[in-house]
Amino acid sequence: MDSIQTFFLFIQDQILGMKWLNSLIKNLLTALNVDVDGRLGGSIQFFIYDVLKITILLCFLIFIISYIQSYFPPERSKKILGRFHGVGSYIISALLGTVTPFCSCSSIPLFIGFTSAGLPLGVTFSFLISSPMVDLGSLVLLMSIFGAKIAIAYVIVGLMIAVAGGALIEKLHMEKYVEEFIKSANGIDMDAPALTRKDRLYFAREQVTETFKKVFPYILVGVGIGAAIHNWIPESWIQSILGSNNPFGVILATLVGIPMYADIFGTIPVAEALLAKGAQLGTILAFMMAVTTLSLPSMIMLKKAVKPKLLTLFIVICTTGIILVGYLFNVFHAFFI
């Protein structure tokens, strides 16, 4: 049993967490006479380490996920979703969202395509919620920093929000609040051409390049904020705002996260720094979910596809679910740490 635990700790710390890389950077900076125990030197070490670690994981994950995604083009995904009904359709839709684009803005065109193809509105909204919130990349990245229990719990509760949100929207019969141009659009009925293994590898490589160019600026910003929090903001400030002494910390973190725009790769370093400074786990996860699911640019895009009443309902469902999840994690935080 001890050997198994040691193996998983090695995977988490050295493979996913890349602590060897952190030690290497520390030694190199020390050799250059940089005081890594000081604020500035510590910030430089944090920045270099997190940028390199997240970039390596990012490229590897995008390649693997994109290769898997090549088996699920929009037309095939539509056919898969069309085979299921009831709760099962929401679950499959939410799971399908885990192998699709990394941010909410990339998910909205697929949501529009699925809706115009005639799939039930609740099913398409389950996909729209889960796609940016709980992809396979988030699972691996969260494991690299927070451990397996937190990562798996995050994905499970994210899928639960997606399933519950889709089911509620379907129950309320909100179809009339979808814009007319989407209702009247004709879905594409042709089958996607068969791809060879070489085609799939090429697709995965192209996705790595395209996504990296789009995401890397947010990684730099996120790591920069994380470095500032980690080395410059007093721990007492973080604890007073986002710690257990503030019962409204989860709500505040959610509301702060909503107007921001980033993806899981940009929010991870901020979350890592907040946790180290004493912010509550549920509060941090609520912030991450709000940023990735309810960013202002994605809401502007979604407004083009749905009417205000449905958009408001979507925001209310996601916000309420995220806040409840945040408080739930805070109550049971001892189990996850």
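**A three-phenylalanine cluster in a helical protein**

F111, F125 and F314 come together as one aromatic cluster. The model you are looking at is a predicted one, and its secondary structure amounts to 18 helices and 0 strands. Here is a quick tour, beginning with the rings and ending with the protein as a whole.

**The F111–F125 pair**
- Searching the whole structure turns up 3 aromatic pairs.
- In one of them, the ring centres of F111 and F125 are 4.9 Å apart and the planes meet at 65 degrees; planes over 60 degrees apart count as edge-to-face, so this pair is edge-to-face.
- Because F111 sits in helix α6 (residues 104–116) and F125 in helix α7 (residues 121–133), the pair ties together parts 14 residues apart in sequence.
- F111 and F125 are both buried.

**The F125–F314 pair**
- F125 also pairs with F314 in a tilted arrangement, with 5.5 Å from centre to centre and 50 degrees between the planes.
- F314 belongs to helix α17 (residues 308–331) and F125 to helix α7, so this pair ties together parts that are 189 residues apart in sequence.
- F125 is buried, with a relative accessible area of 0%, and F314 is buried too, at 2%.

**The protein as a whole**
- The protein has 337 residues, and 50% of them count as buried.
- Taking contacts between residues at least 6 apart in sequence, 83% join residues at least 24 apart.
- The accessible surface is about 16,100 Å², and carbon and sulfur atoms account for 70% of that area.

Conventions:
Residues numbered from 1 in each chain as written. Predicted model: local features only at pLDDT ≥ 70, side-chain atom pairs only at ≥ 80, totals over all residues. Heavy atoms only, no water. Helix = DSSP H or I, 4+ residues; strand = E, 2+ residues; numbered from the N terminus. Buried < 20%, exposed > 50% of the residue type's maximum accessible area, 1.4 Å probe, protein only. Contact = heavy atoms within 4.5 Å. Areas by Shrake-Rupley, 256 points an atom, 1.4 Å probe, with all protein chains shown as cover. Phe/Tyr/Trp six-rings, centres within 6.5 Å; stacked < 30°, edge-to-face > 60°.
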